[in-house]
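User: I am new to this structure and would like to learn how to read its features one at a time. Could you take me through them slowly?

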Amino acid sequence: SVKEYTPLLYQWAYHKTSSKETAEDLVQETFIAAYNAFDKIQNKSGAKTWLFAILNNKIKDHYRKQAKDPLLSESQFRTADDSNFYDHFFDEAGYWKPDARPAEWNEKDEHLLDNPEFNKVLEDCIKKLPDNGNAVISMKYLQEQESTDICQVLEISPTNLWQIVHRAKLQLRKCIEWNWFKK
């Protein structure tokens, strides 16, 4: 029954997404999919196993969709002469280009990471990133893991990794500008 399996499914979905709302949505989608496919169930596995298989697929779909649907649209930042809009903002090493840095980020702000209040804003902004962006930024810049290891753990290609990194940087920039410089 729905009441019997909801707590277990929710707990698993929350563990995988760290979002109450997302976990609730995924569990609901799981039950809808199970209801729609009920006539196709085979007695080879129990209801719990079958529901968890559906939920795991829903979780994978959630992350795939998130990777394809970033919070910020690239078209917002493209100009007519940009062949690669990321090159407009970042150099080959992944650092902000001086002329693309937010205007508010001046020299006195070079040591922001020494400021506990700024670190709280940064931490909050990282938490607001989509799950894949949060994971990549945390692994690459906070845990200082190698790109090849990150790709292996997250099962993504190096190209996808750098797309996620750049999108996350843009999202962090917007969040920090809003929550730190405009406060």
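**Charged pairs and their surroundings**

Analyst: Let us begin with E123, which is partly exposed, with a relative accessible area of 39%. Please keep in mind throughout that this is a predicted model.

User: Which residue meets the side chain of E123 in a salt bridge?

Analyst: The general idea is to look for a side-chain nitrogen of Lys or Arg within 4 Å of a carboxyl oxygen of Asp or Glu. Here the partner of E123 is K127, with an N to O distance of 3.4 Å. Both residues belong to helix α5, where they are four residues apart, about one turn of the helix. K127 counts as exposed because its relative accessible area is 54%, and the cut-off for that word is over 50%.

User: How many salt bridges does the structure hold, and which residue pairs with K120?

Analyst: There are four salt bridges in the structure. K120 pairs with D124, and the closest N and O atoms of the two are 2.9 Å apart. These two residues also lie in helix α5, which covers residues 116-128, and they are four residues apart, about one turn of the helix. K120 is partly exposed at a relative accessible area of 45%, while D124, with 28%, is partly exposed too.

User: Are R173 and E177 buried or exposed, and how far apart are they in helix α8?

Analyst: Both R173 and E177 are buried, which means that each has under 20% relative accessible area. Their side chains meet in a salt bridge at 3.4 Å, taken from N to O. Because they are four residues apart in helix α8, about one helical turn separates them.

User: What makes up the nonpolar surface patch?

Analyst: Such a patch joins nonpolar side chains within 5 Å of each other, on residues with over 30% relative accessible area. In this model Y141, L142 and W162 make a nonpolar surface patch of about 310 Å². W162 is found in helix α8, which runs over residues 158-181, and its relative accessibility of 33% is why it counts as partly exposed.

User: Which residue with a positive phi follows α6, and where is the place of S18?

Analyst: After α6 comes E144, with a positive phi near 55°, although E144 is not a glycine. E144 sits in the loop between α6 and α7 (147-154), and E144 is exposed, with a relative accessible area of 63%. S18 is likewise not a glycine, and has a positive phi of about 60°. The place of S18 is in the loop between α1 (2-17) and α2, and S18 counts as exposed because its relative accessibility is 60%.

User: Which residues is T22 in contact with, leaving aside its neighbours within four places in sequence?

Analyst: A contact requires heavy atoms within 4.5 Å, and under that reading T22 is in contact with T17 and H62. T22 lies in helix α2, residues 20-36, and is buried with a relative accessible area of 18%.

Technical notes. Residues are numbered from 1 along each chain as its sequence is written. This is a predicted model: local features need pLDDT of at least 70, side-chain atom pairs count only at pLDDT 80 or more; totals for chains, interfaces and linings use all residues. Side-chain values use heavy atoms; hydrogens and water are left out. Patches are made of residues with over 30% relative accessible area and no salt bridge: like charges are joined within 9 Å, nonpolar side chains (Val, Leu, Ile, Met, Phe, Trp, Tyr) within 5 Å. Accessible areas come from the Shrake-Rupley method with a 1.4 Å probe; for residues, only the protein chains shown count as cover. Buried means under 20% relative accessible area, exposed over 50%, partly exposed in between (1.4 Å probe, protein chains only).
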